[in-house]
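Subject: A structure for you to look through

Hi there,

Here is the structure I promised to pass on. Please open it beside this email and follow along as you read.

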Amino acid sequence: MEVATYNYSKKGVYNLNSILEAIISRRSIRNFTKKKVEDDKINSILKAAIWAPSGLNNQPWKFIVIENENTIQSLSKLTHYEKVVKNSPLLIAVFLDSDESYNFVKDVQAIGASIQNMLLASFEMELGSVWLGEILNNKYEVHKLLDTPENFELMAIVALGYPVNKEQKSTRKNLHEVVYYEHYQSKVV
Ligand SMILES: Cc1cc2nc3c(=O)[nH]c(=O)nc-3n(C[C@H](O)[C@H](O)[C@H](O)COP(=O)(O)O)c2cc1C
């Protein structure tokens, strides 16, 4: 198993050498300080999101930016990850807009790419973030709370803020466990 550490505290994320380094160093962060995320950073994160690729460039995503404390408290009650949500200064709820949809699988893939872009952009700006999917179990309550139209379907909520703990670790399977060359029976050496 490979291990990678969130290295923001050591290097200063503005000096990341490459996209690859950011991809590998980014970690899910679940503890945030109370500091507000600056509006220009929120805009940059959203910009990163909309520059994700999408099938036929249909851009099937919609985002709701949530900073209101009462709304955040109410959303926190809708997930097993209550503590993560409750202590986040910023949530971005991500929706599939069925009015823009042309193929469900491809639309969902595009939205996944837009979420990953947000995680990477926030990492670059010294923010922590985590992709929250468990809250989808209560997506209808989320729709109601955020007063979304019929054509919006919740895909995820991203929680963001300045990280408390800057030393998160994660692991990945080794390449040889997941990659085949040319055909299934090949062995990677
Ligand atoms: C589709 C999806 C759903 C996820 N849902 C949750 C969640 O509900 N709660 C949570 O704490 N983390 C959630 N995560 C974050 C994963 O736990 C995390 O990405 C994984 O453990 C790898 O850690 P890393 O992001 O630090 O590399 C989710 C990630 C993805 C891609």
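Before we get to the sheet, one definition: two strands pair if DSSP finds at least two bridges between them. Helices (H or I, at least four residues) and strands (E, at least two) are themselves DSSP runs, numbered from the N terminus.

Two notes on the source. This is a predicted model, in which local features need pLDDT of at least 70 and side-chain atom pairs count only at pLDDT 80 or more, while totals for chains, interfaces and linings use all residues. Residues are numbered from 1 along each chain as its sequence is written.

Four strands form an open, antiparallel sheet in the order 2-3-5-4. Strand 2 (61-66) and strand 4 sit at the edges, each pairing on one side only. From one strand to the next, the twist averages 25°; for such angles, axes are lines fitted to C-alpha atoms, for helices over the stretch in contact, and the angles run from 0 to 180 degrees between N-to-C directions.

You can walk across the sheet pair by pair:

- Strand 2 and strand 3 are antiparallel and share six bridges; Val65, for example, has Ile92 in strand 3 as its bridge partner.

Buried here has a cut-off: 20 or more other C-beta atoms lie within 10 Å of the residue's own, whereas exposed is 12 or fewer and partly exposed is in between, with C-beta atoms placed from the backbone.

Helix 7 (residues 139-146) lies across strand 2, strand 3 (90-97) and strand 5, and runs at about 80° to strand 5.

**The whole chain**

The protein chain has eight helices and six strands. Along the sequence, their pattern is β-α-α-α-β-α-α-β-α-β-α-β-β-α. Buried residues are 30% of the 189 in the chain.

How does the radius of gyration agree with that of a compact globule? A compact globule of 189 residues would have a radius of gyration near 16 Å, and the protein chain, at 18 Å, agrees with this. The radius is taken over C-alpha atoms, and the globule rule is 2.2 Å times the number of residues to the power 0.38. Along the principal axes, the C-alpha atoms fill a box of roughly 55 × 40 × 30 Å.

Contacts are worth a look as well: two residues are in contact if their C-beta atoms, placed from the backbone, lie within 7 Å. Of the contacts with a separation of 6 or more, 79% are between residues 24 or more positions apart.

**Around the ligand**

Which residues are around the ligand? They are Arg27, Ser28, Arg30, Tyr81, Val84, Val130, Trp131, Leu132, Gly133, Glu134, Gln168 and Ser170, where a residue is near a molecule if its C-beta atom, placed from the backbone, lies within 6 Å of it. Strand 4 (residues 128-132) gives the most to this shell, with three residues. By class, the shell has five nonpolar, four polar and three charged residues. Ala, Val, Leu, Ile, Met, Phe, Trp, Tyr, Cys and Pro count as nonpolar, Asp, Glu, Lys and Arg as charged, and the others, Gly among them, as polar.

Most residues other than glycine have a negative phi. Asp147 has a positive phi of about 60° although it is not a glycine; this residue lies in the loop between helix 7 and strand 5 and is exposed, with 8 other C-beta atoms within 10 Å. Glu182, also not a glycine, has a positive phi of about 70°. You will find Glu182 in the segment after helix 8 (175-178), where it counts as exposed with 6 C-beta neighbours inside 10 Å.

Pro53 touches Ala110 and Ala113, leaving aside residues up to four places away in sequence. Pro53 and Ala113 are 60 residues apart along the chain, yet their C-alpha atoms are separated by 7.1 Å.

Happy exploring!
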